[in-house]
Amino acid sequence: MAAHKSGFVNIIGHPNVGKSTLMNALVGERMCIINNKPQTTRHRIIGILSDDDYQVVFSDTPGLIEKPAYQMQNTMNSYAHSAFEDSDVMLLVIDCNDDAPFDGKIISKIKKLTTPKILILNKIDLVDEETVKAVEDVWVDFLEFDSIARISALNQDGTNDLLNSIVEKLPEGPPYYPKDQLTDRPERFFVSEIIREKILEQYHQEIPYSAEVIIDSFKEKESKSGPIIHIYANIYVARKTQKSIIIGKGGVSIKNLGIEARKSIETFLDQRVHLELYVRVKENWRNDDRQLKHFGYH
Ligand SMILES: Nc1nc2c(ncn2[C@@H]2O[C@H](COP(=O)(O)OP(=O)(O)OP(=O)(O)O)[C@@H](O)[C@H]2O)c(=O)[nH]1
Ligand SMILES: [Mg+2]
């Protein structure tokens, strides 16, 4: 019998290239939130894929930002950079449709990596073969990769081959987590992320970037028609004017947000949910270290 393999496989890349879509495709669960606005992911989130003879601990990370504009972006960047410290296999994701260069600091970090690295050319469904080849040529010209994968994370095209190539590169070792564990974060984290995903979908400009969602309470209660989960969530914004935008005229916007978020949370938890949303103002929280810690940015 082949020896058991296990390791940390970290996903890095610019914002919006499809890192979270790829992580969900590889893990086979809708775990990370996805949106067409950049900087959707704010934390390092692990997704565990186990089989009889291997365990892959994937890490999705926030997109690498060249010039952080506020403290929260600094912290997000530090999560992305932490992926360089513990990877057994590194996945560098590129958007073939919108290829942008990295700054020199990141390139030299990638060069210094001693663990196997895979160049992932994503969104091949949007471009022709020649464009993919041209993007690939640019990257392999100045960085060495152990393998290259052309994929569409969205269509799950090429993701099985990619998984085989990842498992091949894993070191031998026992599993890090119980084989039935999917992540290390509690359900309430994913619930807050689902609410944030709906905020990203329904609001624009600076609103999604100024909002943070914290679950205040999460309790299962009995009702006449069976158990129901009662969730109370606070949406924090950075200014008073943003609070009125989230609420909308006559409360219409927040009502819609609540309906859409509840439906998604019910699907995620596979249980009935009662959701209450409250909007609170924490002036300039994205630059406030104490507040950031309180929101889980360490
Ligand atoms: N056409 C196409 N779109 C894709 C593909 N992969 C991801 N997308 C889209 O690209 C957008 C960004 O996807 P995400 O997975 O959120 O990207 P990300 O790299 O995690 O973004 P950040 O968390 O903001 O850094 C979404 O609209 C996805 O649906 C793909 O293979 N093809
Ligand atoms: Mg993401």
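I began with strand S1 (residues 5-13) and strand S4 (residues 89-95), which pair in the parallel sense over five bridges. Two strands count as paired if DSSP finds at least two bridges between them. Helices (H or I, at least four residues) and strands (E, at least two) are DSSP runs, numbered from the N terminus. Within this pair, I found Met 90 in S4 as the bridge partner of Asn 10.

I noted the provenance: this is a predicted model, in which local features need pLDDT of at least 70 and side-chain atom pairs count only at pLDDT 80 or more, while totals for chains, interfaces and linings use all residues. Residues are numbered from 1 along each chain as its sequence is written, and chains are lettered from A and ligands numbered from 1 in the order in which they are written.

**Overall form**

I recorded ten helices and nine strands for the protein. The C-alpha trace spans about 55 × 45 × 40 Å along its principal axes.

**First sheet**

I placed S1 and S4 in an open sheet of six strands, ordered S2-S3-S1-S4-S5-S6 with mixed pairing. Its edge strands are S2 (45-50) and S6 (147-150), each pairing on one side only. Neighbouring strands of this sheet are turned by 20 degrees against each other on average, direction ignored. I then followed helix H1 (residues 19-27), which lies across S1, S2, S3 (54-60), S4 and S5 (117-122) and runs at about 160 degrees to S3. Axes are lines fitted to C-alpha atoms, for helices over the stretch in contact (C-beta atoms, placed from the backbone, within 7 Å), and angles run from 0 to 180 degrees between N-to-C directions.

S7 and S8 (residues 226-237) pair in the antiparallel sense over eleven bridges, and Ser 217 stands opposite Tyr 232 in S8.

Definitions and conventions: Two residues are in contact if their C-beta atoms, placed from the backbone, lie within 7 Å.
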